[in-house]
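I opened this notebook to record, step by step, what I looked up in the structure. The entries below follow the order of my looking.

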There are 2 protein chains.
Amino acid sequence: MLPPTRFVSLPACARPAERSVTHPAGFRASGIVAGLKRSGRRDMGILVSDQPCVSAVTFTSNAAAAAPVRLTRDHCACERLRAVVVNSGNANVITGEQGMRDALRMRELAADGLGLPLDEVAVCSTGVMGVPLPMETIEPGVLKAAEKLSPAHGDDFAVAIRTTDRTAKHGALTIELEGGEVRMGIAAKGAGMISPNMATMLCFVTTDAIISAGDWQAMLSSAVANSFNRITVDGQESTNDTVIAFANGASGVQASSPADLESLSRSLEFALKSCAIALVADGEGSTKTVRLIVDGAQDHARAEAIARAVADSPLVKAAFYGGDPNGGRVLQSVGQVIGRSSPDGLIADVAFGGLTVVRGGEMEPLSDGQQTRLAGIMAEAEIDLSVKLAGGAGTATLFFSDLTHRYVTINAEYST
Amino acid sequence: MLPPTRFVSLPACARPAERSVTHPAGFRASGIVAGLKRSGRRDMGILVSDQPCVSAVTFTSNAAAAAPVRLTRDHCACERLRAVVVNSGNANVITGEQGMRDALRMRELAADGLGLPLDEVAVCSTGVMGVPLPMETIEPGVLKAAEKLSPAHGDDFAVAIRTTDRTAKHGALTIELEGGEVRMGIAAKGAGMISPNMATMLCFVTTDAIISAGDWQAMLSSAVANSFNRITVDGQESTNDTVIAFANGASGVQASSPADLESLSRSLEFALKSCAIALVADGEGSTKTVRLIVDGAQDHARAEAIARAVADSPLVKAAFYGGDPNGGRVLQSVGQVIGRSSPDGLIADVAFGGLTVVRGGEMEPLSDGQQTRLAGIMAEAEIDLSVKLAGGAGTATLFFSDLTHRYVTINAEYST
């Protein structure tokens, strides 16, 4: 089951299903213990389609992209990937030429085990930074993962890609198209945007619909823009972020009519959003998930800048941790973006859970009843925050987590 | 005495002196208990020159600027201010038209008490946001502060402007010019950039040199650019930040030759930098002060963006708290700024205290001796961090603090 959140609704064309990435026909997966994690948990997995696929991808835009990202992005056939091999426990980043050699070797072993051409096999890594991959553990791990492939092992794969994730972020849907049913599966991970012992957002999507590579990539890019690109835990973009979506057509059902493409697209966006919001809820140290909607900004770019400033403000984030509906801190972070372009001061409304605490740039006096309602809103796990400006039609939505003692503990009290 | 730091050196033309803002001739000050702070500490002060002044100012660029900022900025003669009245404990921000009326009343009372025209009296406030000024406490406080003015009360003034500051940030210099000695005093406050119970950077400078308003403003703008605009605690620009510098000419010594202007300018920059760095060291929850130097960026703007990204990264800041020389996190934050414009990856060196941990984008293997040296560097209170790129001549310097449990405690566990 996809992680529940009140911030998204299941499209009418889709219904939840068991399993995750192997719910669609013609996919097998595995998740095994290679021995990379000191905890002894599953740390390597393979996901493969039994028949040729069209594939769609998005990668981190970080200049310090990890070796597996550069390998997949620059040296694979990203529109017809058929498999991915993933390890957790080590991100293979800041590892120089050795890192690229190790990623190539990982791919080679997986392609051999699967009987696939090299350029149809993607490689992903997540975990500690700046430490070479322990190839003596990786190599037998890849072979073992190839042996364990089964349509029954989708959940093992979903577990194997996790690092410090405390919650599962996977699920599946059955989707009604005009020509019949197709299936979709998803497995994602990510606890902080990045961190030395953990790191990174990874997401793998499968479907057995028949769809063109162009439609599939357009659909994925749009769904990522509205999900993973709309969240922030700490404003830090990982060096390893990767999303790969496979469509193998094994259902025999074509998605090409505008209505079918719409159904598939809405289902994909629902799946990605559910996982993205779960990722915020499980962000390092997170105790709250906030949906911030900025509107009335001069234009969308300005709305986006304002939303990022609010969502990444450590003062706003710490106030949510403390359960304080602190309109002043929200206004201050908005004002920092708007700056001198608004010499007459900042005319804005700020509301928590629909209850306005700042109106026209001034604190709103609240009744005792409203204060009580506000305390209830701030105690929820999912909170709505709204910033309304009077500058134009620009709007932006972001999901973010709070800043907690545990975030500091996780990110200060590890050992590298 | 100005706060000591190894990051700046006293100019040869200057020597430390006792007192703070009243070290220069012809200034009086006061710092009294008006009753705004529950702690019962000093919370109101006046600083005034006995004779006309030239003055220079800089203000926050936040669109949500507080009433006292807008009053002073828009309705005072900022090139000939002669006095300032300051309260701590309440920032008079997000207080709407009432806030402006209260700031005007504060100015009126001070001007009356001092016998000065309204437009020569500046108003500053710092403290809790979104609460109207308690005028029944403010009004007698201003009158009391006017009564207590004395050349001996500079330190009281410096104390009265503090909020949660744990350390003093004031001092004085005697400066040798060609025509004789002049004096300079400074008092600053600021623990976080902003926060509901505390807030804001304020700084007041005095000198008895004779200097033109144009030279004085140029000198202040440059010194602020190299000091207060080069620090970050949490990346949050306050709604109340104000710097006011008074030059009353009471020494009878003119500063107009290039050599004298240079001496005065270097002394001013030294005083402001000493206070700015002390402000980082005393930043909310701060346990470390880091001097970050970025060079080799494409241009200065890019260097500045990279420096801000590193200095405001919660992961980098938490690593410093944990004593971890985490080159990976530094590289990740640099890479986030550079993004796709560098498709070949990120070629950068990262060094802590002069010891290189990342070279050419790759982790540098360190000997046991180097590891020990690095642990010693990370245990210091003041740490140098260097990021060298191979992109051009762009350079930037920033001072920043670490992210600690206490920062979260201060900013989550208050009551508004």
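At roughly what angle do the axes of helix H8 (residues 314–321) of chain A and helix H11 (residues 405–412) of chain B cross? I found that these axes come within 8 Å and cross at roughly 70°, where axes are lines fitted to C-alpha atoms, for helices over the stretch in contact, and angles run from 0 to 180 degrees between N-to-C directions. H8(A) is therefore roughly perpendicular to H11(B), a term for angles of 65 to 115 degrees.

I noted at the outset that this is a predicted model, in which local features need pLDDT of at least 70 and side-chain atom pairs count only at pLDDT 80 or more, while totals for chains, interfaces and linings use all residues. Residues are numbered from 1 along each chain as its sequence is written, chains are lettered from A and ligands numbered from 1 in the order in which they are written. Helices (H or I, at least four residues) and strands (E, at least two) are DSSP runs, numbered from the N terminus.

Next I looked up which residues meet at this crossing. From H8(A) come A:Leu315, A:Ala318, A:Ala319 and A:Tyr321, and they meet B:Val408, B:Asn411 and B:Ala412 of H11(B); a contact requires C-beta atoms, placed from the backbone, within 7 Å. By class I recorded six nonpolar residues, one polar and no charged ones, where Ala, Val, Leu, Ile, Met, Phe, Trp, Tyr, Cys and Pro count as nonpolar, Asp, Glu, Lys and Arg as charged, and the others, Gly among them, as polar.

I then turned to the whole contact between the chains, to which chain A and chain B give 54 residues each. On the side of chain B, the elements with two or more residues are helix H8 (314–321), helix H9 (327–338), strand S15 (362–363) and H11, and H9(B) gives the largest share, ten residues. I wrote down the classes for this side as 21 nonpolar, 25 polar and eight charged.

My last entry on the pair concerns symmetry. A rotation of 180° with 0.0 Å of shift along its axis superposes chain B on chain A, with an RMSD of 0.0 Å, by least squares on the C-alpha atoms of residues with pLDDT of at least 70 in both. The two copies are thus related as by a two-fold rotation axis. In chain B, the C-alpha nearest the axis belongs to B:His405, 2.7 Å from it. I also noted that 100% of the contact residues of chain B recur in chain A, so the same surface serves both copies.

Key: Parallel < 35°, antiparallel > 145°, perpendicular 65-115°, else oblique. Contact = placed C-beta atoms within 7 Å.
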